[in-house]
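Dear colleague,

Please find the structure below, followed by a short account of what was found in it.

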Amino acid sequence: MKGLAHEIERSATMGAAAVAALIEGKQFPVVEGRTVTFVFRGDVDEVRLRHWIHGLPQAQPFHNVPHSDLWFLAIDVPEGSRMEYKLEIVKRDEHRLIQDPLNPNVALDPYGANSVVYTAGYAVPDWSLHDNDARPGEIRDHEIKSAAFGETRRIQVYLPARYRPTRRYPLLVMHDGEDYVRYAALKPILDNLIHRLEIPSMIVALIQSRDRLNEYADDARHAKFLAEDLVPQLESHFPLVGKPSARGLAGASFGAVASLAAAWRYQGFFGNLLLQSGSFAFTDIGKHDRGAVFDPVVRFVNAFRRQPGHPAEHMFLSCGVYESLIYYNRSLVPFLQKAGLDVRYVEANDGHNWENWRDRLREGLSWLYPGPLWMVYE
Amino acid sequence: MIHHRVVLLGPQRLQPTLNKAVAAARVSGPLAAITAGWEERESEDQEMRDHLGGHTINLRVYDRAEDVMRRDPELNAAIRERQDRLRVQHDLYRVRLAHAMAAARELLHREQTDGYSEMLNAEREAAIEAVRTLDGFHLMKVVDVHHEFEDRLRPLERSIVEHHRREMAHILNDCGALCVAGGHVVALLHRMRLFDVLGLVEHKPIFAWSAGAMALGERVVLFHDNPPQGTGNAELFEEGLSAYSGVLPLPHARHRLHLHDRTRVALMARRFAPAQVVAFDALTRMEWNGSSWHGDKGTLRLTEGGVMTQAGAA
């Protein structure tokens with residue numbers, strides 16, 4: 001034990017007042033190099049750190065300063081990391097998961113919010129924050145009549161600033177697109193990257209599914225919806241380039257599976273894939289242990305690995321090294337390259353969460369859709 | 001063709017200063033405008049008209065070039081072929097440039113060792129000279145492509161080009177000055193060159209900013225120190241229209257360049273010397289009177305020592 005945690009241990013021998021003085025005015029968790037020290041104060045029986053870092057024990061117990069309500073834990077986290085977590089509080093056999101009351105930093109997701117700690121070298125990217133200089137695009141509601149699903153589906157469409165019907169725009173379809181807007185700052189990111197000329201003015205279709213675990217898991221109806229309903233209707237309604245090189249699919253987790261599966265089923269139709277933390281589970285031998293929801297995913301990835309074909313010209317993959325999915329994503333890269341695909345793969349010291357996916361969007365979008373950065377000086 | 005009066009301004013979108021510059025120059029008559037760098041948005045110039053508050057006539061250079069492409073298929077095909085050749089030439093240049101720039105940067109970063117500083121300095125000089133030689137070679141190859149095109153196609157003698165030139169000459173005859181806006185620098189440069197617009201301006205003052213300022217210079221340099229992809233090596237694109245000499249304008253420099261990085265600043269200044277390499281950010285201004293420059297206070301140039309200093313006479 002070192003750093004602040006060591007100081008707390010030492011101060012504890014001088015009484016609770018000494019410990020209180022030591023932590024007075026500090027914002028927690030305290031980050032010292034690779035050491036992160038968490039503190040909790042409260043009349044409880046146990047405190048545990050709950051996180052989702054693959055490879056570490058997922059519930060790490062805090063230490064109690066004797067004769068006090070102060071609990072602390074120091075752990076080792078690499079520099080440049082984002083780590084999301086909750087505290088598990090135990091009192092009289094009652095377990096509660098809470099956000100860290102001493103940490104104002106939270107990361108939102110569809111299930112609520114987690115506390116988040118940033119280690120040295122990590123900063124929220126400036127291109128993900130609202131920029132007054134960037135002309136804002138617009139998000140409109142739109143309806144797609146789906147023969148594949150036999151119903152009309154509501155989607156949203158991002159139109160870039162200075163949108164004009166006489167131009168031709170590239171298209172990106174984002175699975176869980178409304179979640180990308182809500183939790184991964186997609187709207188300011190598109191506005192900013194277009195303003196900075198790092199990507200071209202483009203149209204982004206934001207799709208959601210009420211049944212994503214089934215529809216995104218290599219469901220033939222979903223692929224048909226994308227290629228035969230959504231894209232043709234968008235291309236007839238909006239001024240889109242309408243060529244594979246200017247069409248793309250994007251998604252995270254099961255959304256990445258849906259993107260790859262649809263492009264695989266409709267080879268030559270989508271030119272660009274942005275796949276974040278793809279749930280690309282496969283088996284070389286035996287059965288997988290990820291539950292029934294992964295059965296169709298594993299069947300698809302196994303079949304894809306047997307016969308990859310050419311699902312897209314360019315594929316950008318990213319994954320957090322703290323995810324259990326890192327193994328599958330890393331495995332896929334040399335395989336895709338061997339199959340002759342143009343692949344860019346990046347890793348980050350982060351987990352399976354929306355801010356990880358947010359932080360990789362600049363690199364992925366600007367690689368798949370390079371903007372006129374070098375040519376335009378307004 | 002060197003003009004006797006050119007005013008270069010910082011970017012105009014957020015803090016426009018064009019009206020003040022025009023007023024200070026006591027321009028009489030309407031202002032002719034070139035917004036071809038905005039490409040298909042060329043005609044969306046109401047904001048600029050409102051800002052100037054006077055009579056402005058857009059020369060519609062982009063639209064005229066599109067008309068030429070439609071009505072002169074032979075010229076259109078030759079322009080496309082020239083673009084392909086230029087693209088290949090530029091790709092080849094970029095391969096060599098990456099290595100030459102990496103060597104120059106590494107040597108500029110290397111610490112001086114007691115007793116051996118002369119050896120290091122000699123290598124640094126040679127490395128920068130290698131980059132300059134490469135730039136010069138590339139420029140020569142690009143000029144060859146353009147000369148071959150012009151000798152073969154003689155664009156200024158083609159009827160549709162002549163027609164548009166006559167119209168523009170007529171408009172310019174009634175105007176007191178020309179302003180050239182920014183945007184896509186190559187779209188702007190090639191279209192202005194197609195019509196030899198500067199040949200029609202005579203000695204009227206020219207106001208230019210961003211890509212407009214770049215296109216009017218002797219050499220067009222594309223630059224960005226922190227692109228999301230690639231190495232961020234400034235690239236010599238091709239010759240400009242040479243309305244002025246002695247200044248290499250870098251629009252949006254504070255955003256596009258690491259001006260606090262002494263090595264990068266020094267390399268840029270030394271690579272493009274003897275031109276003054278000038279950062280054109282908002283509210284900056286330099287004026288060329290046909291033989292020398294005057295820079296407004298706060299208009300800064302990159303120096304060979306790696307720092308920024310007031311731009312001025314050259």
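Between chain B and chain A there are 3 salt bridges, each being a side-chain nitrogen of Lys or Arg within 4 Å of a carboxyl oxygen of Asp or Glu. In one of them, B:Arg41 pairs with A:Glu378, and the closest N and O atoms lie 3.3 Å apart.

This is a predicted model, in which local features need pLDDT of at least 70 and side-chain atom pairs count only at pLDDT 80 or more, while totals for chains, interfaces and linings use all residues. Residues are numbered from 1 along each chain as its sequence is written, chains are lettered from A and ligands numbered from 1 in the order in which they are written, and side-chain values use heavy atoms, with hydrogens and water left out.

The contact (heavy atoms within 4.5 Å) involves 30 residues of chain B and 20 residues of chain A. By class, the chain B side that touches chain A has 14 nonpolar, 11 polar and 5 charged residues; here Ala, Val, Leu, Ile, Met, Phe, Trp, Tyr, Cys and Pro count as nonpolar, Asp, Glu, Lys and Arg as charged, and the others, Gly among them, as polar.

The two chains bury about 2,200 Å² between them, 53% of it on carbon and sulfur atoms; buried area is the accessible area (1.4 Å probe) that two parts lose on being put together, summed over both. On the chain B side, B:Arg13, B:Pro228 and B:Gln229 lose the most area to chain A, together 29% of what that side buries.

Yours sincerely
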